[in-house]
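Keep the viewer open as you read.

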Amino acid sequence: MPDKTLNVVTICGSLRKGSYNRIVMNLLPGFAPAGMTITEAPPFAEFPLYNADVQDSFGFPAAVQKLADAIRAADGVIFVSPEYNFSIPGGLKNAIDWVSRTSNQPFVGKPVALQSAAGGILGGGRMQYDLRRCMIFLDALTLNKPEIFIGNCSQRIDHKTGQIKDEQTVGFIKQQLAAFAKFIERHGARRVDGAS
Ligand SMILES: Cc1cc2nc3c(=O)[nH]c(=O)nc-3n(C[C@H](O)[C@H](O)[C@H](O)COP(=O)(O)O)c2cc1C
């Protein structure tokens, strides 16, 4: 068990109310190891499309600052996202683009873990490799293994009960969260509290 509670925030890449990724994200607090709390980061649904002219004329929207501050204050970030057209959903990429332009860029040195649920058999693997690439550019510390790819997600996740039906998937997620706690402990979060 870590010396202090690890404060991890989650970001869901799907805006859909009945999202399978959101179901997985909502279950994570119950799968977390002792000493780790998991809460959802502030939403990005209302972010405008990134435009440097908007940033130059009006500064950063309050919602962007809020998400950036939450990432800065967290010990780690977990993305739970579908794959859209073999890549990162546009809304999520737009959110990353916005927060990446704030001062004291929030992903620098930040432990990050990736999870995806998708209809395809590869479970969002291609999205994860693109997201991993973004995180490299932003100098995040992305956990390598275990990887979580939930393929054929409608078969494994019950949208009526909000539960994962497949025990093996639950086991993999718990393993990843335990590995993420150790990863955060080992590499230490570059924790910067306060407004940017
Ligand atoms: C625009 C769009 C693109 C998609 N592209 C892919 C894809 O590349 N690979 C895949 O496995 N599923 C793809 N899907 C299907 C999604 O995996 C599926 O709709 C999934 O349930 C979305 O995640 P959510 O339930 O969390 O919203 C796509 C869906 C949409 C709406």
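Predicted model: local features only at pLDDT ≥ 70, side-chain atom pairs only at ≥ 80, totals over all residues.

Residues are numbered from 1 along each chain as its sequence is written, and side-chain values use heavy atoms, with hydrogens and water left out.

Start at the ligand. It has 13 residues around it, and Ser14, Arg16, Ser19, Asn21 and Phe86 come nearest; a residue is near if one of its heavy atoms lies within 4 Å. That shell splits into 5 nonpolar, 6 polar and 2 charged residues, with Ala, Val, Leu, Ile, Met, Phe, Trp, Tyr, Cys and Pro taken as nonpolar, Asp, Glu, Lys and Arg as charged, and the others, Gly among them, as polar. Asn21 puts a polar side-chain atom 2.7 Å from a ligand oxygen, and Glu83 has one 2.8 Å from a ligand nitrogen.

Stay with Glu83, which sits in the loop between β3 and α4 (helices are DSSP runs of H or I, at least four residues, and strands runs of E, at least two, numbered from the N terminus). Glu83 counts as buried because its relative accessibility is 16%, and buried means under 20% relative accessible area (1.4 Å probe, protein chains only). Its side chain also reaches two backbone nitrogens: that of Arg126 at 2.9 Å and that of Met127 at 2.9 Å. Glu83 and Gly124 are 41 residues apart in sequence, yet their C-alpha atoms are 4.8 Å apart.

Now look at helix α5, residues 125-137. Its 13 residues reach 19 Å from first C-alpha to last, close to the 18 Å expected at 1.5 Å a residue (the expected span is 1.5 Å times one less than the number of residues). Buried residues in α5 include Met127, Gln128 and Leu131, and β4 (111-117) is among the elements covering the buried residues of this helix.

Where does Gln115 lie? In strand β4. At 1% relative accessibility, Gln115 counts as buried. Leaving aside neighbours within four places in sequence, its contacts (heavy atoms within 4.5 Å) include Met127 and Gln128.

Definitions and conventions: Polar contact = N/O pair within 3.5 Å; in protein donor to acceptor, adjacent residues only side chain to side chain. Buried < 20%, exposed > 50% of the residue type's maximum accessible area, 1.4 Å probe, protein only.
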